[in-house]
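Subject: Structure handover and findings

Dear colleague,

Please find below the structure that I am passing on to you. I would be grateful if you could look through it before reading the notes that come after it.

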Amino acid sequence: MTFLIVTVAWAAHVRLFQVIEHIDDVLALLNLACMMIITFLPYTFSLMASFPGVPFGIFLFSVCAVVIGLIQAVIVAYGFYHPHLLNQQIQESENQNFYKRHILKIILRGPVLCFLAAIFSFFFIPLSYVLLGLVIVFPHLTRLITWCKTKILGQRGEEEEHHSLETFTFYLSEPLSKERVEAFSDGVYAIVATLLILDICEDNVPDPREVEEKFHGSLLEALSEYGPNYLAYFGSFVTIGLLWFVHHSLFLYVTKATRLMGLLNILSLAFIGGLPLAYQLTSEFAEKSHNEIEAIQVSCVITFFASIFQFAIWTTALLNEEETLHAFARYGGKEHAFMFAKLALYPCVSLGAFFLTCLLSEFSTAIFHLMQIVIPFAFLALRIFVRISLTAIKSVMSLSRRKVVLLEEEEACLSPNETLS
């Protein structure tokens with residue numbers, strides 16, 4: 001939930017700097033203050049998770065969200081007070097006040113709900129969580145309400161539609177650009193991959209005194225005890241790397257990201273952020289063997305949802321292929337088949353590993369590590385496999401067509417009476 005709230009704040013920040021194109025020293029310092037509060041949020045997450053029944057954690061998180069929104073509002077006010085900092089189209093527009101109200105509405109709706117959540121955290125914590133959940137769904141809820149009003153009340157008036165077209169030539173209400181979605185995704189993947197090595201550096205460096213006393217100064221022998229941890233690290237890193245590779249391949253074919261594609265991408269990233277948890281669970285196989293199956297299944301579930309939402313992005317893009325995809329990657333082509341197989345690989349393998357660990361619990365560790373080893377080689381062999389499959393399908397279809405043509409030719413050679421018989 002907190003990850004999704006941060007993405008809402010990020011989307012508002014992107015909208016903000018669609019309006020403000022140039023920054024001076026004041027805006028740079030205000031933005032730096034905003035970033036400082038954002039980097040403090042993980043600490044508030046930890047408090048919320050460690051003390052779920054204590055109101056201070058959720059209160060502190062809500063206050064931080066309110067402060068971020070207020071700083072962003074000050075940036076907007078300052079930018080419109082100095083119009084030379086604004087986007088060129090807004091500078092030339094006669095509706096600057098409309099733009100100002102619109103961007104403030106986008107920025108402040110989250111902090112208002114967080115302010116209410118901070119107040120109710122001291123009285124009824126579940127209501128605070130409901131209000132924080134509304135921060136996530138509120139943009140989609142308002143869009144749904146607007147759509148329902150349009151359907152029930154009919155088309156908008158001509159004057160209102162003209163005003164809308166005039167004021168929204170700038171893309172404030174459009175989905176975020178493909179480039180911003182990719183940049184945010186790359187940042188999440190990079191941070192998650194970095195967290196893995198930080199975990200292994202913190203927990204898997206042997207104590208010098210223990211090396212000297214227990215292993216007689218042999219560092220190599222001491223490190224050999226951390227073998228499962230290193231195996232889990234490399235397996236987790238390969239998983240993150242290949243999921244990033246699939247994400248990168250997917251967006252090479254995408255020309256425009258719709259709202260639904262952006263939402264599915266955020267959901268995928270939320271599970272990508274859980275992969276360090278999967279690493280911590282699987283690195284403890286040797287220490288807590290009785291939790292081994294549960295740890296493997298949690299890792300499989302995290303990997304499955306991270307990859308299945310990527311598959312859903314591709315499916316959504318295909319439904320709007322003329323708007324979202326390059327012509328060479330559209331339905332029915334060779335690249336479409338290859339991308340389909342690439343995106344289906346991780347969901348199928350992780351789901352298969354999950355059920356195999358349920359059926360063959362004694363071999364759960366071997367199954368899990370085999371999955372991590374096989375998948376990179378499967379990616380290498382995937383294009384060859386897809387080409388062979390397409391060639392086989394084409395040959396079968398061509399043979400069936402030849403049979404149909406031969407039957408038609410035979411029927412053409414027969415007399416009418418023979419044909420009827």
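The notes below go from the whole chain to its cores, and then to individual residues.

Please bear in mind that this is a predicted model.

Overall composition

The protein chain contains 18 helices and zero strands. Of its 421 residues, 39% count as buried. The accessible surface of the chain amounts to about 24000 Å², and carbon and sulfur atoms account for 67% of that area. When contacts between residues at least 6 apart in sequence are considered, 78% of them join residues at least 24 apart.

The nonpolar cores

The largest nonpolar core is made up of 48 residues, and those with the most contacts inside it are Leu-250, Ile-272, Leu-275 and Trp-314. Several helices supply at least two residues each to this core, including H1 (2-19), H8 (178-203), H11 (227-253) and H17 (364-413). The largest share, 10 residues, comes from H14. With neighbours within four places in sequence left aside, Leu-250 is in contact with Gln-310, Ile-313, Trp-314, Met-339 and Leu-343. There is also a second, separate core of 37 residues, which includes Ala-12, Ile-71, Ile-75 and Ile-90.

Helix H12

H12 has 14 residues and reaches 20 Å from its first C-alpha to its last, close to the 20 Å expected at 1.5 Å a residue. Its buried residues are Met-261, Gly-262, Leu-264, Asn-265, Ile-266, Ser-268, Leu-269 and Ile-272.

Ser-268, found in H12, deserves a separate word. This serine counts as buried because its relative accessibility is 1%, and the cut-off for that class is under 20%. Leaving aside neighbours within four places in sequence, Ser-268 is in contact with Ala-306, Phe-309 and Gln-310.

Helix H14

Another residue to look at is Gln-297, which lies in helix H14. Its relative accessible area is 18%, so Gln-297 is buried. Apart from neighbours within four places in sequence, Gln-297 is in contact with Phe-354, Thr-357 and Cys-358.

Is Ala-117 buried or exposed? With a relative accessible area of 0%, Ala-117 is buried. This alanine is found in helix H5. Not counting residues up to four places away in sequence, Ala-117 touches Ser-62, Ser-128, Leu-131 and Leu-132. Ala-117 and Val-63 are 54 residues apart in sequence, and their C-alpha atoms are 9.1 Å apart in space.

Phe-115 also has its place in helix H5, which covers residues 96-120. At 48% relative accessibility, Phe-115 counts as partly exposed, whereas Ala-117 is buried. Phe-115 belongs to a nonpolar patch on the surface, together with Val-112, Leu-116, Ile-119, Phe-120, Phe-122, Phe-123 and Phe-124. The residues of this patch have about 800 Å² of accessible area together.

I hope that these notes are of use to you as you begin to work with the structure.

Yours sincerely

Key: Residues numbered from 1 in each chain as written. Predicted model: local features only at pLDDT ≥ 70, side-chain atom pairs only at ≥ 80, totals over all residues. Heavy atoms only, no water. Core = buried A, V, L, I, M, F, W, Y, C linked by side-chain atoms within 4.5 Å. Buried < 20%, exposed > 50% of the residue type's maximum accessible area, 1.4 Å probe, protein only. Helix = DSSP H or I, 4+ residues; strand = E, 2+ residues; numbered from the N terminus. Contact = heavy atoms within 4.5 Å. Patch = residues over 30% accessible without salt bridge, like charges linked within 9 Å, V, L, I, M, F, W, Y side chains within 5 Å. Areas by Shrake-Rupley, 256 points an atom, 1.4 Å probe, with all protein chains shown as cover. Salt bridge = Lys/Arg side-chain N within 4 Å of Asp/Glu carboxyl O. Expected span 1.5 Å × (residues − 1).
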